[in-house]
Amino acid sequence: MISEILPALRGLMAEKEVLPRLRKIEPAGDEPVISIPADCPDAIASLRAQLPPKARCATITGLGTFAAESAASNGRAAGKVAVVTGAAQGFGFEIASDLAEQGAWVALADINADGVRTAADKINAACGREAAIGVVVNVAEVTSLKQAFAQVVETFGGFDLLVANAGVLRAGSVKTISEKDIDFVTAVNYKGYFLSVQAVAPIMALQHQAAPEAWFDIIQINSKSGLTGSNKNGAYAGSKFGGIGLTQSFAMELVEDNIKVNSICPGNFYDGPLWSDPEKGLFRQYLDSGKVPGAKTFEDVKRFYEAKVPMRRGCTTPDVMKALYYLVEQRYETGQAVPVTGGQVMLA
Ligand SMILES: NC(=O)c1ccc[n+]([C@@H]2O[C@H](COP(=O)([O-])OP(=O)(O)OC[C@H]3O[C@@H](n4cnc5c(N)ncnc54)[C@H](O)[C@@H]3O)[C@@H](O)[C@H]2O)c1
C-alpha cells in the first residue's frame, strides 16, 4: 500500500513538474487526515479528493504523517530522488556521491549489506546532510527488489531516477566457461536490469498520473561491450547487448508514463575495484593468466588496453556523469545507448 499511496501523494504535491521528497514526521495534530480503504479502486482519485489545495503535509491513516520537502541546493540533480543499484563501490558509489553533491536524495542499493551502509554514511558525511540511505537488494530477485524499493519509497516518497548500475563480470572462452558463470552474469546484468525496471516503473507511472507534467528517468550503466563484441567475454557482452534491447523496448513502452529510458556505455574504468583490486581485480587476473603478451606489471596491462583507445586513457566517473546529466536534462531523447569510450566505440 505504501508503494502506491506515497508516490501518488508526492505527485499531487508537485509544484509544476518538480515532485517533493516526502519525509515521515511526528504529527502536530493539525494536518489534514486522509483515509484510503484497502480495497479503494482508485487511490489517486481518493487522495486528490481529500487533499486540500496546496497542502504540504498530510496524515494518511495507517501509514503516518508525511511532509513535502523541496530541494536543499541548486545542483544539477537538486531535489531529485534517485536510486542507484550496485552502489557500495565502484561506478555506483561515485555516481551516487555525485548525485548527492548535486542536490539529490539518493538510495544506494547493493547486495553488500555492510558496504552499502558504509557507503551511504560516507556520502552523508561528505555533503553534511542526510542525503543518502543504504538499502540491501539482490537485483536478480523480485521479492528483494520489492522490499528494497518499498524502503526507499517509505524514506523519500518515490523516485525520479533509477540508475541501474549493478553488474558483474565472469570472463571466459565460449569453449570452457561454466554454465554457472553464464547464469550468474545473465541473472545480474540482464534479468537484474529487467526486474529493476519492472519494480520501479509502476511507481513512476503513479507519480505521472498524479503529476502529468513531470518526467522521470531510467538510466542503465551498460558498457562498451554492449555495443561491440568482447573477446573471451561473451557472457558479459551478451548480457550487455541484451540490456540495450531492453532499454529500447522499455523506452517505447514507458514513454506513455513520461519515463525516459537510456543506457550509458562506458569504456574501461581502471580506477574502480573491478580493475584495480590488488588481489581479485582484472589487472591481477590478466597479468596472472598471461592474457596480455609480455606484460609484467599492472601498468603493462593498463598500457595495453589504453593503446586501444583513441584518447589513450580509461573512462572516469566525471566522464559518465556528463552523459548522465545530459540524458536527464534532454527532453527529446529516449531509448539511446550513449558511448563514453574516448572514441574506442564509434556509432555509425
Ligand atoms: N569497471 C569497468 O571497467 C566498467 C566498464 C564499463 C561498464 N561497467 C559497468 O558499470 C557497472 C558497475 O561496474 P563497477 O566496475 O563499478 O563494478 P564493481 O564490481 O566495482 O561494483 C559492482 C557493485 O554491484 C554490486 N552487486 C553485484 N551483484 C549485485 C546484485 N545481484 N544486486 C545488487 N548489487 C549487486 C556489488 O556488490 C558491487 O558493489 C556494471 O554494470 C559494469 O558492467 C564497468
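Trainee: Into which domains is the protein divided?

Mentor: Domain bounds come from an automatic or database domain assignment. Here the protein falls into domain 1 (74–267 + 320–340) and domain 2 (268–314). This is a predicted model, in which local features need pLDDT of at least 70, side-chain atom pairs count only at pLDDT 80 or more, and totals for chains, interfaces and linings use all residues. Residues are numbered from 1 along each chain as its sequence is written.

Trainee: How many residues does each domain give to the contact between them?

Mentor: Two residues are in contact if their C-beta atoms, placed from the backbone, lie within 7 Å. The centres of domain 1 and domain 2, taken over C-alpha atoms, are 26 Å apart. Domain 1 gives six residues to the contact and domain 2 gives seven residues. For classes, Ala, Val, Leu, Ile, Met, Phe, Trp, Tyr, Cys and Pro count as nonpolar, Asp, Glu, Lys and Arg as charged, and the others, Gly among them, as polar. The side of domain 1 that touches domain 2 has three nonpolar, three polar and no charged residues.

Trainee: Which residues are closest to the ligand?

Mentor: A residue is near a molecule if its C-beta atom, placed from the backbone, lies within 6 Å of it. In this model 29 residues surround the ligand, and Gly86, Gly90, Gly167, Ser223 and Leu274 are the closest. Helices are DSSP runs (H or I, at least four residues), numbered from the N terminus. Two or more residues of the shell come from each of α3 (90–101), α6 (179–210) and α8 (273–276). By class, the shell holds 15 nonpolar, 13 polar and one charged. Domain 1 and domain 2 each supply at least three residues to the shell around the ligand.

Trainee: At what angle do the axes of α3 and α11 cross?

Mentor: Axes are lines fitted to C-alpha atoms, for helices over the stretch in contact, and angles run from 0 to 180 degrees between N-to-C directions. The axes of α3 and helix α11 (residues 317–329) cross at roughly 60 degrees and come within 10 Å. Angles under 35 degrees count as roughly parallel, over 145 as roughly antiparallel, 65 to 115 as roughly perpendicular and the rest as oblique. The two helices, α3 and α11, are therefore oblique to each other.

Trainee: Is that crossing left-handed or right-handed?

Mentor: A crossing is left-handed if the near helix is turned anticlockwise from the far one by less than a right angle, and right-handed if clockwise. For α3 and α11 the crossing is right-handed. Phe91, Glu94, Ile95 and Asp98 of α3 meet Thr317, Val320, Met321 and Leu324 of α11. That contact comprises five nonpolar, one polar and two charged residues.

Trainee: How does α3 pack with α4?

Mentor: The axes of α3 and helix α4 (residues 113–127) lie 10 Å apart, at an angle of about 30 degrees. α3 and α4 are therefore roughly parallel to each other, and their crossing is right-handed. From α3, Phe93, Ala96, Ser97, Ala100 and Glu101 meet Ala119, Ile123, Ala126 and Cys127 in α4. Seven nonpolar, one polar and one charged residues form this contact of α3 with α4.
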